[in-house]
Each structure stands twice: as C-alpha cells, then as structure tokens.
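These are my notebook entries on one structure. I record what I looked up, in the order in which I looked it up.

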Amino acid sequence: MIDKITIIGGYNKQGEKEPVEKVIIKKGEIFGVVGPTGSGKSSLIGDIEQLAQKDTFSKRKILVNNKKPSYDDRTNPRKKMVAQLSQNMNFLADMSVGDFLSLHAKCRGASSKCVDAVIKLANTLTGEPIKSDHELTILSGGQSRALMVADVAIISNSPIVLIDEIENAGIKKHDALKVLSGHGKIVMVVTHDPVLALMTDRRIVMKSGGMEKVVGTTPAEKSLSKKLNKIDEFMLSLRDKVRNGEVIEDIEMGDVGL
Amino acid sequence: MKIIIVAGTPGSGKTAVLIHALRNLKERNIKSSVIKIDCLYTDDGKKFEKIGIPTKVGLSMDMCPDHYAIYNIEDMIEWADENNSEYLIVETAGLCHRCAPYTVNSLGICVIDATSGPNTPLKVGPFLSTADIAVITKGDMISQAEREIFRERILEVNPNCKVIEANGLSGQGCIELAQEIIKSKEVSLEEEQLRHSAPLAVCTLCVGETKVNKKHHRGILRRIDGFQTYEGE
C-alpha cells in the first residue's frame, strides 16, 4: 500500500538548491506540474518514475511511505509502483497492436485477456478506431496516445500515475484523465492547460529546472474550473465540425452554456 | 586482477556509462585501468583520461577487434599491474554480434540501446546471452511500456542476467553498475577460458581474397539455403 510519496528537493539547472525543499503527496491527491517549456516539468516526472535516489541530474530523492525504495522496487515491472504516460511514444516496435499489448501484459504480470479491454477503452478516446491487427508503426498520433492511456489504465495499473501533457494528444482529455485517475491513486499531471491545472488539488510551479513553489487550488479556482470545462467542451464540438468539413460562420455565447 | 569486459553495439553508450561508473569507483578510492579496443579510430581514451583513469587504446586495424582483445589480455593485465590497479576494464568494439569476448571468471557487461527496437535482444547473440549484466541505455527516449517490453526481451534471451537501466547523460543506474563491478572475482589466466567460442572463420576471405565470384572461394562455406559445404582439396 502506498499512502504517500515524498519528493526531496535537489538542484536546478544552474546548480542552485531548488526553492521547494520537500513536497509530500498523499493517496487520492491529484497534483499538477506547471511551468514554461524547458522549466523541468518532464524531468521532475522522470525522477518520480525512476524513484530517483540522487542519481539523476536534479539530485532529487523520492521516498515512498517515508522509506527509500529498493533497486528491485525501482526497476522490476512486476513490482513497479509507477505508471507513466510520457510524451515519448515513438513506437519503435515492429509488431501489431495485439502482440504489443499481450507482451506488455506479460511484463506486468497481467492476464492477456485484458488486450481486448485496452483496445475497447482506447477506441472510446479517439475518433479513428484501432484494431488488434494494426501495425503499431501506422497508428496516428491520436491513436497511439489513446492506446497508451488505455494501456496505462488497464495493464500498468499502478498506485502512482504520471501523465505528461495530455492536452497535445488529439484525444478527449477529460475522459482520459478520468480513466487514468482511478480511486485512491496518486496522480500527477504535467500541463499547460488551465482547465486541467485547476482540476488538480495542488500544483508545483517549475522554473529553470527547479521546483519554485507549490500553489493550492482555491475554492474559487475549483468553481472556475467547471466553467472552463464547458468552454472547452464547446471548443471540442467546434473542432469536430471543422474536422468533418463543416463551415462555421458564427457562434452564440449562449451555446457555451454559461 | 579483477577483469571486467564490456561489450555492446557501437553508439550504445558503453563509454558514457563506464565513465560514470568508474568515477564512482574512484570516489571510493578503488584503482582501475581501462583498455579501449576499437578498429580504426577512437577518441574515447581521452574521455577516460579526463577523469584521471589510466587508459590505453588498442586498435585492431584489419583484425577482428574481439579476437585482438582476447589474445592481448595477458599484456593488458601486465599493464594494469604496473598501474597498481585492482580492476582492469576492457571496453570492446562490439561489431558483428557473433563473438562474446567474456571469459568464464571475468564480469561480462553488455550495454544495449533501448531505442534499437524490441527485437534487438533476439538478434545480438552471445554477447547478450552470456553476459552477467545487461545495461539498458537511452530508455528515457521511449515510452514506459516499450521500455518494459525491451527489458522482458532481454530476460527471454538471458534469464540469469542482472538488468540495470542506465542513462549515460545523467549517470542514473551507474552507481548500481559500480557496485556490481566491485563484486567481481579475481581472475587467474592460467586455466581461464572463453564463455563462448569465437566464430568458425576458415574460408578464403579470412586470408585476404577480395574477389566476389563464388568460384574463387574455398574452405568451409555456409550457403544461404542453410547447407554447409567444404570446397577444396
């Protein structure tokens, strides 16, 4: 059981001690990571994925339930506590979707029966259906992103979930976040998107490689988040229209539903 | 002398990973010497020297670099002895995937690049299947799922090896590698043997024939349909 993880601060890109010395994230919390490009968001997520022990650039240290994880805990996929949805989905694998998923299920000690469930779930997140016999290398950006979301949700079912920039994915991001942030998990979302950032409980602000400060989401922000969500859904519906070749010449603010 | 033999495809990050591990040994006041074997050119020697480790470069030129490493090992030990080193690290060129330069009592380390695709572990042969440690590099460039599949494929080929995920840029995983190096055994060359035989190489090409046409070739030849024939007297 994982009750909390502790991030012990290291150094920023200039080699100075980062301003935030310690962050504790408890079970059930959704945490945001925000900051400009190059500010070190992905590196922070990387440190947590590897449960870094002062052995990465940042020299951060990650504790699980106040304890240092063993090397096996850090690397053996059958014991892995962290599932990560990264930006790197190159799919260098020269194999079919079905083969890839059943191989990954085997790595994680999951049943190969879940392959169909993963594909089914992925297809609820993307417009273009994915089939089991599709080659990985021909999948579109949206398809591979949806497939990885479903893979993380079902096969890499871990107590800690890290999500790196879901908004650039061309998929339904709210549905994706819902699918990933199961009950009682620790979830961290790297984001530029105000809709997602305000959905979190707290957020770490990154600056030049270091953790600059931690901001708690205010009640006003929480209710604003609901409004932003409606605007976002409206934008998505417009996007679908453009995608399907329709002409949009006017919109009514009433359509937003605010 | 404790002997560590490091193999792996060109560009997989052997030197980068070793530099981090050897720097860690140095911080523990453990003396090591490095031999870097390559074919025609390398400037890796300078990189090891930069961190203050005695380094010697061996270029095999027109010889197979793995064979060259094997029959020069005695001289290498002598040289490491002169440096008062406890550990001799031999970094091989690793070209044709057919040889495994590890000896029975040395520590065999295979460095393999995760971006080379999940079928690579099945292709590289004895330098992975007979290694004690498989170091996976560049894992930060692919997704977690791909990384886990790559690791599984390595264990399919070599179920008994210890897998270390390392990063040659940040040094992640290299402390674990240094700890494994420290655990390696003392090797005496007298009865020492290779773990895997060097390849059968007994055709006319081995002795310098450059003509391509089939009629010019003698010796033991394996045909593309799988038959092996002997041409000649």
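This is a predicted model: local features need pLDDT of at least 70, side-chain atom pairs count only at pLDDT 80 or more; totals for chains, interfaces and linings use all residues.

Entry on contacts in chain A. I looked up how far apart in sequence the partners lie. Of the contacts in chain A with a separation of 6 or more, 68% join residues 24 or more positions apart.

Entry on the build of chain A. I noted 8 helices and 9 strands in the secondary structure of chain A. Chain A is as compact as a globular protein of 258 residues, because its radius of gyration is 19 Å, close to the 18 Å that the globule rule gives for that length. The C-alpha trace of chain A spans about 55 × 45 × 35 Å along its principal axes. I also noted that 43% of the 258 residues of chain A count as buried.

Entry on helix H1 of chain A. I found that this helix, residues 41–49, is mostly covered, with 9 of its 9 residues buried. Among them are the charged residues Lys41(A), Asp47(A) and Glu49(A). After H1(A) comes Leu51(A), which has a positive phi, near 45°.

Entry on the contact between the chains. I looked up how many residues each chain gives: chain A gives 26 residues and chain B gives 22 residues. On the side of chain B that touches chain A, helix H7 (144–157), strand E7 (162–165) and helix H8 (174–182) each supply at least two residues. H7(B) gives the largest share, 7 residues. By class, I recorded 7 nonpolar, 8 polar and 7 charged residues on that side of chain B.

How values were computed:
Residues are numbered from 1 along each chain as its sequence is written. Chains are lettered from A and ligands numbered from 1 in the order in which they are written. Two residues are in contact if their C-beta atoms, placed from the backbone, lie within 7 Å. Helices (H or I, at least four residues) and strands (E, at least two) are DSSP runs, numbered from the N terminus. The radius of gyration is taken over C-alpha atoms; the globule rule is 2.2 Å times the number of residues to the power 0.38. A residue is buried if 20 or more other C-beta atoms lie within 10 Å of its own, exposed if 12 or fewer, and partly exposed in between; C-beta atoms are placed from the backbone.
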